[in-house]
Amino acid sequence: MNASVPAAPAERKAVSLLRLRAMLEAGEKIAMLTAYDAGFARAADDAGVDSLLGGDSLGMVVQGGSSTVPVTLEEVAYHVRCVARGRRHAWLIADLPFGSYEESREQSLRSSAVLARAGAQMVKLEGSWAAETVRFLVERGIVVCAHLGLTPQSASALGGYRVQGRDEAAADRLASEARALADAGAAMLVLELVPAALARRVQQENPALVVIGIGAGGDVAGQVLVLHDMLGVTAAPMPRFVRDFGREGGGVREAVRRYVAAVKDGSFPDATLHTY
Ligand SMILES: Nc1nc(=O)c2c([nH]1)NC[C@@H]1CN(c3ccc(C(=O)N[C@@H](CCC(=O)O)C(=O)O)cc3)CN21
Ligand SMILES: CC(C)C(=O)C(=O)O
Ligand SMILES: [Mg+2]
């Protein structure tokens with residue numbers, strides 16, 4: 001017997017959709033980050049993130065572009081394949097990039113299959129118009145996340161990276177779009193850059209929908225940030241909803257641990273600093 005040998009750590013189970021729903025029900029906040037390669041995916045997974053998103057934000061933070069619009073399905077699939085090799089526990093989501101799902105339901109299924117083969121467990125698509133596409137995908141066994149509010153693939157049409165759903169009519173419209181997407185079978189919804197009160201309303205009106213906020217306040221199931229932003233890699237100016245978790249040092253795993261802890265204990269996002 002060797003008293004200095006520590007007990008084996010409790011087995012950490014892979015995060016499933018059921019687990020995410022149970023977290024929502026229990027009020028345990030979900031911590032999500034983007035990831036683009038195996039090394040950072042493993043680091044973030046080790047540090048306890050619940051979910052990883054292979055985001056089309058790769059067009060900005062990896063490729064150095066100024067929008068997500070030029071990103072292709074093949075590029076997302078490449079990065080998701082890398083992330084899938086690094087991930088161990090986190091629920092893996094992949095963005096359907098601009099032009100890969102809008103043409104037809106058939107196109108959306110073909111593109112989703114490419115991402116599923118790359119290792120994605122769920123695909124995410126932007127847009128208030130997408131309920132019928134979501135229904136079609138869900139009926140065929142794809143797990144779908146919708147994305148409303150600031151939808152970067154249509155930022156030009158929205159007038160730039162601006163807060164969405166500010167006035168009452170726009171808020172009501174967004175709330176009914178969220179309901180339609182949930183009714184169509186979306187299991188998750190990313191709400192980006194909307195007032196905290198609107199995000200809270202959407203979560204309350206759709207109690208089984210896992211609502212993940214980014215610049216949407218804290219009264220939702222969980223949070224997502226772009227990895228490069230929360231590590232302090234992205235050059236200023238950053239959106240106001242970002243906090244640099246790398247500033248206190250200790251490396252990537254420590255920074256991600258601080259993010260996960262802050263999401264779980266409700267100290268991120270801060271109601272005055274990070275919400276609109
Ligand atoms: N690195 C990076 N981080 C992101 O969060 C991100 C991307 N890239 N690319 C895709 C979209 C674009 N995003 C953005 C980009 C800029 C603002 C921004 O400048 N917002 C201002 C003003 C908003 C307003 O008041 O209307 C802010 O202060 O937050 C917000 C979201 C979020 N997404
Ligand atoms: C910021 C998140 C929600 C995203 O869609 C991305 O990183 O592409
Ligand atoms: Mg995206």
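The legends below describe close-up views of a predicted model. Local features need pLDDT of at least 70 and side-chain atom pairs count only at pLDDT 80 or more, while totals for chains, interfaces and linings use all residues. Residues are numbered from 1 along each chain as its sequence is written, and chains are lettered from A and ligands numbered from 1 in the order in which they are written.

**View 1. The shell around ligand 1.** Among the 17 residues around ligand 1 (C-beta atom, placed from the backbone, within 6 Å of it), Y161, R162, V226, P239 and R240 come nearest. Helices α3 (58-61) and α10 (227-230) each give two or more residues to this shell (helices are DSSP runs of H or I, at least four residues; strands are runs of E, at least two).

**View 2. The shell around ligand 2.** The residues around ligand 2 include T34, D56, S57, D95, E192 and V226.

**View 3. The annotated binding site.** An unreviewed UniProt entry places the feature "binding site" at D56, S57, D95 and K124; such annotations may be inferred rather than shown by experiment. These residues span 69 residues in sequence, but no two of their C-alpha atoms are more than 12.7 Å apart, so they gather at one spot.

**View 4. D56 and K124.** D56 is in the loop between β2 (51-54) and α3, and K124 is in strand β4 (residues 122-126). D56 is buried (20 or more other C-beta atoms within 10 Å of its own, placed from the backbone) because it has 28 C-beta neighbours inside 10 Å. K124 is also buried, with 23 such neighbours inside 10 Å. Leaving out residues up to four places away in sequence, D56 touches T68, V71, V76, D95 and P97 (contact: C-beta atoms, placed from the backbone, within 7 Å). On the same terms, the contacts of K124 include D95, H147 and V190.

Conventions
A residue is buried if 20 or more other C-beta atoms lie within 10 Å of its own, exposed if 12 or fewer, and partly exposed in between; C-beta atoms are placed from the backbone. Two residues are in contact if their C-beta atoms, placed from the backbone, lie within 7 Å.
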